[in-house]
Amino acid sequence: MPQRPNTRHPQITQAMIEAYDEYTHLTLDRRGFMERLRCLAGSAAAAGAILPLLQANDAVASVIAPDDSRVVSEEVSFSGATGEMKGYLVRPAGDTGKLPAILVVHENRGLNDHIRDIARRLAVAGYMAMAVDFLSADGGTPADEDKARQMIRALEAENTLDNGEEAIAYLANRDDSTGAVGAIGFCWGGQLVNNLAVVSPELKAVVSYYGRQPETTLVPQISAALLLHYAGLDDRINSGIDDFRSALEDNGKEFTIYMYDGVNHAFNNDTSQARYDKDAADLAWSRTLDFFKEKLKA
């Protein structure tokens, strides 16, 4: 007699994670994904229990709460290439001096609570951090994550890069900024900060988490130091590492690549239970802070 699926403690397999990655980043639509998940899980009930563990959950508590006394935050706006851009800017509380600044670029879900939390973590570490909503011109990030992904797919790459450059200029020219600007991005944002390193000579330091690499022909234009975090199980993104590394070496660029074995794309996102890996995330974050301290506070 076949065993009934255990929906109380659902088992998440690598095949399920890969199917979710295909759904959220490639061509698999929601109906196709749910059918594949049902087949992998053994029943519709089991698939329904597993789905929330694969998705990001903004209800998960922040590492640095929005009202944490160590930070002060504000909603800001600046002129972008496609109209008014909005951002969430955070500084260490009580520090009235000039600070190095870090642009924080969200995943393909848009500016959400998790990315705001990342900005607060950077503020606690002594930086002025601004998480920009790259869907500002389209009305801002919607609550529906699927809609946000569709909107991000529709963005024009050149306009997005231009808006990123305007964000960097805004941070560099604020009265409370030292003018030293770095950038950090995750997933879609990791790709964007890699591309901003190509086009923005103002950037001093770039940290990319599992971001797609720029064309190797553009590598000579990079002037920022790069810190590149990759997930060992992320074949989709990792396929471009070798060519990118060779181009960086051939052009004498300053870079460091870390591979975190046995972890998945989005391992840093602690709102996604299935893919988050605390050990890898903590190690990558410590390396990120050390890198920014060396490159932006010297």
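**View 1. The largest nonpolar core has 44 residues.** In this predicted model, a nonpolar core is a set of buried Ala, Val, Leu, Ile, Met, Phe, Trp, Tyr and Cys residues joined through side-chain atoms within 4.5 Å. Buried means under 20% relative accessible area, exposed means over 50%, and partly exposed is anything in between (1.4 Å probe, protein chains only). L103 and M130 are the residues with the most contacts inside this core. Who touches M130, once we leave aside its neighbours within four places in sequence? The list is V76, F78, G87, Y88, L89, I102, L103, V104, A167, Y170 and L171, where contact means heavy atoms within 4.5 Å. There is also a second, separate core of 35 residues, which includes A205, V263, W285 and F291.

A quick note on the ground rules: residues are numbered from 1 along each chain as its sequence is written, and side-chain values use heavy atoms, with hydrogens and water left out. Since this is a predicted model, local features need pLDDT of at least 70 and side-chain atom pairs count only at pLDDT 80 or more, while totals for chains, interfaces and linings use all residues.

**View 2. Strand 3 (residues 99-105) pairs with strand 5 and strand 4.** Helices (H or I, at least four residues) and strands (E, at least two) are DSSP runs, numbered from the N terminus. How many of the seven residues of strand 3 are buried? Seven of seven, as it turns out. Two strands pair if DSSP finds at least two bridges between them. Strand 3 runs parallel to strand 5, and six bridges join them; here V105 has G185 as its bridge partner. Strand 3 also runs parallel to strand 4 (residues 128-133), this time with five bridges, and V104 is partnered with A131. Follow the chain from strand 3 through helix 4 (residues 113-124) to strand 4 and you trace a right-handed β-α-β unit. Right-handed means that, with the strands pointing away from the viewer, the path from the first strand over the helix to the second runs clockwise.

**View 3. Strand 6 (residues 203-209) is mostly covered.** Six of its seven residues are buried. Strand 6 pairs in the parallel sense with strand 5 (residues 177-186) over six bridges, and with strand 7 (residues 225-231), also in the parallel sense, over five bridges. S208 is a handy residue to look for here: G185 stands opposite S208, and S208 stands opposite L228 in strand 7. To get from strand 5 to strand 6, the chain goes through helix 7 (residues 188-199), and this β-α-β crossover is right-handed. While you're looking at strands, remember that in a regular strand the side chains alternate between the two faces of the sheet.

**View 4. R91 sits in strand 2 (residues 83-92).** Is R91 buried or exposed? R91 counts as buried because its relative accessibility is 9%. The R91 side chain makes polar contacts, meaning pairs of N or O atoms within 3.5 Å; within protein, one atom must be able to donate a hydrogen and the other to accept it, and residues adjacent in sequence count only if both atoms are side-chain atoms. One of these reaches the backbone oxygen of D95 at 2.4 Å, and another reaches the backbone oxygen of G97 at 3.0 Å. Setting aside neighbours within four places in sequence, R91 touches several residues, among them R70, Y127 and D176.

**View 5. E254 and K295 meet in a salt bridge.** A salt bridge is a side-chain nitrogen of Lys or Arg within 4 Å of a carboxyl oxygen of Asp or Glu, and by this rule the count comes to 19. For E254 and K295, the N to O distance is 2.2 Å. E254 lies in the loop between helix 9 (241-250) and strand 8, while K295 is in helix 10, so the pair ties together parts that are 41 residues apart in sequence. E254 is partly exposed at 45% relative accessibility, but K295 is buried at 15%. K295 also has a salt bridge with E294 (3.1 Å, N to O).

**View 6. R30, E107, R109, E145, D146 and R149 form one network of salt bridges that share partners.**
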